[in-house]
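Good morning. I will go through one structure today, a few places at a time. Please have a look at it before I start.

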Amino acid sequence: MQHLLSEARLTRERIAELLLEARARTLLLIAPLSDEDLHLQHDPLMSPIVWDLGHMAHFEELWLVRNLEGAVSFGEMPGIYNPFEHPRAARGKLALPTLGECQELMAGIRRQVLARLEEVDLDPDSALLRDGYVYRMVLQHEYQHNETVLQTLQLKQGQPYRALRALLPPEGRPPAAPGAMVRFPGGDVWLGTDDRSAAYDNERPRHRVRLEPFWIDVTPVTNGEYLRFVESGGYETRDHWSDAGWSWLRGVDVQAPKYWSRQNGEWLERTMDRAALLDPARPVCHVCYYEAEAYARFAGKRLPAEAEWEAAAAWDPARGEARRYPWGEQPPGAAHANLDQLAFTT
């Protein structure tokens, strides 16, 4: 996605390259899975993975074949892949195709898409086609379902998912000053965007808000910092929890972040098929809102509001404008974040 978002205009050749790249990532993620694994509903919150595959294909056909030119039908695709008619919890009971049938469907639709791409005008009066907007939308949809599939694979029942790790994650580096904070001066800031070619609708429009000054952590909370909360009895101390959070905690069996475990006096964390010693330098993961809220109170702080977080991440008070990325205008790469999901970690 990093390449997609950094390009103002897309050529036919680049669109084809990005479509192939996205599909290669999708197929890499499912390569270790059996047909049975693909059809199981591993968690009520997640679809069977084969449903995600069929939905991706039909969404692509809806927008890059049927709706590409002429009258636009804004309805979802009919049948079993309509997410509104079939909520996630019920999708495991649908008559889903085999993996072979689904792959044949995906490949057939992709052939139609690439054939249409050879003829399409990317800069007409059509809002769908201008600057390749509709292709970006479909690409982001497949990337989004890659993330959904990864969530399902982490929740997978039975044998752990054998991740085909294509990238080695960088070594975790502890912050120079754990818990260090920076003061944001407040004032009027612009949030969101007016870009309609790469951004989703819920990121628009660009709008101005006024913020009071606040302090915010320089880096995400690390495993090591959160471990202090766990080992100090944070999950048993009522004062750290809001009323709603304490009520939630009383109804669940939780003493640490999901996928943490304690063996022979040491803490381990499982990611897909690997359980390894907890890395204190990595950001803590798999905690819910109530846990994050309780940790913040334990640390003598609070959670930031969405507007505060976005301003701190992107707004440059000295220049009076937002950066494209937290580090500036340079397009993101592997040195900045695990953007392609193939390191299977934070």
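In which helix does Ala311 lie? Before I answer, note that this is a predicted model. Ala311 lies in helix H10, which covers residues 306-314.

Is Ala311 buried or exposed? Ala311 is buried, because its relative accessible area is 0%, and the cut-off for buried is under 20%. As for what surrounds Ala311, set aside the neighbours within four places in sequence. Ala311 is then in contact with Phe184, Val189, Leu191 and Leu211. Arg110 is another matter: from Ala311 to Arg110 the C-alpha atoms are 40 Å apart in space, and the two residues are 201 residues apart in sequence.

Next, the sheet. Three strands form an open sheet, in the order S5-S6-S7, with antiparallel pairing. Strand S5, residues 260-263, and strand S7 stand at the edges; each has a single partner strand, so one side of each is left without a neighbour in the sheet. From one strand to the next, the twist averages 35°. Helix H7, residues 223-231, packs on this sheet and touches S5 and S6. The direction of H7 makes about 65° with that of S5.

Now to S6 and S7 in detail. Strand S6 is residues 266-271 and strand S7 is residues 274-277, and they pair over four bridges. Which residue in S7 is the bridge partner of Leu268? That partner is Leu277. Thr271, in turn, has Arg274 as its bridge partner in S7. The two strands form a hairpin with two residues between them. Met272 sits in the turn and has a positive phi of about 55°. As a general point, side chains in a regular strand alternate between the two faces of the sheet.

On to the cysteines. How many disulfides does a search of the whole structure find? The search finds zero. For Cys285 we can say why: the closest cysteine sulfur, in Cys288, is 13 Å from the sulfur of Cys285, which is too far for a bond, since a disulfide needs the two sulfur atoms within 2.5 Å. Cys285 counts as partly exposed, at 25% relative accessibility. Cys102 is buried, with a relative accessible area of 1%.

Last, a loop residue. Asn82 is found in the loop between helix H4, 49-66, and helix H5, 99-117. Although Asn82 is in a loop, it is buried, with a relative accessible area of 7%. The side chain of Asn82 reaches the backbone nitrogen of Phe84 at 2.8 Å.

That is where I will stop.

Notes:
Residues are numbered from 1 along each chain as its sequence is written. This is a predicted model: local features need pLDDT of at least 70, side-chain atom pairs count only at pLDDT 80 or more; totals for chains, interfaces and linings use all residues. Side-chain values use heavy atoms; hydrogens and water are left out. Two strands pair if DSSP finds at least two bridges between them. Buried means under 20% relative accessible area, exposed over 50%, partly exposed in between (1.4 Å probe, protein chains only). Contact means heavy atoms within 4.5 Å. A polar contact is a pair of N or O atoms within 3.5 Å; within protein, one must be able to donate a hydrogen and the other to accept it, and residues adjacent in sequence count only if both atoms are side-chain atoms. Axes are lines fitted to C-alpha atoms, for helices over the stretch in contact, and angles run from 0 to 180 degrees between N-to-C directions.
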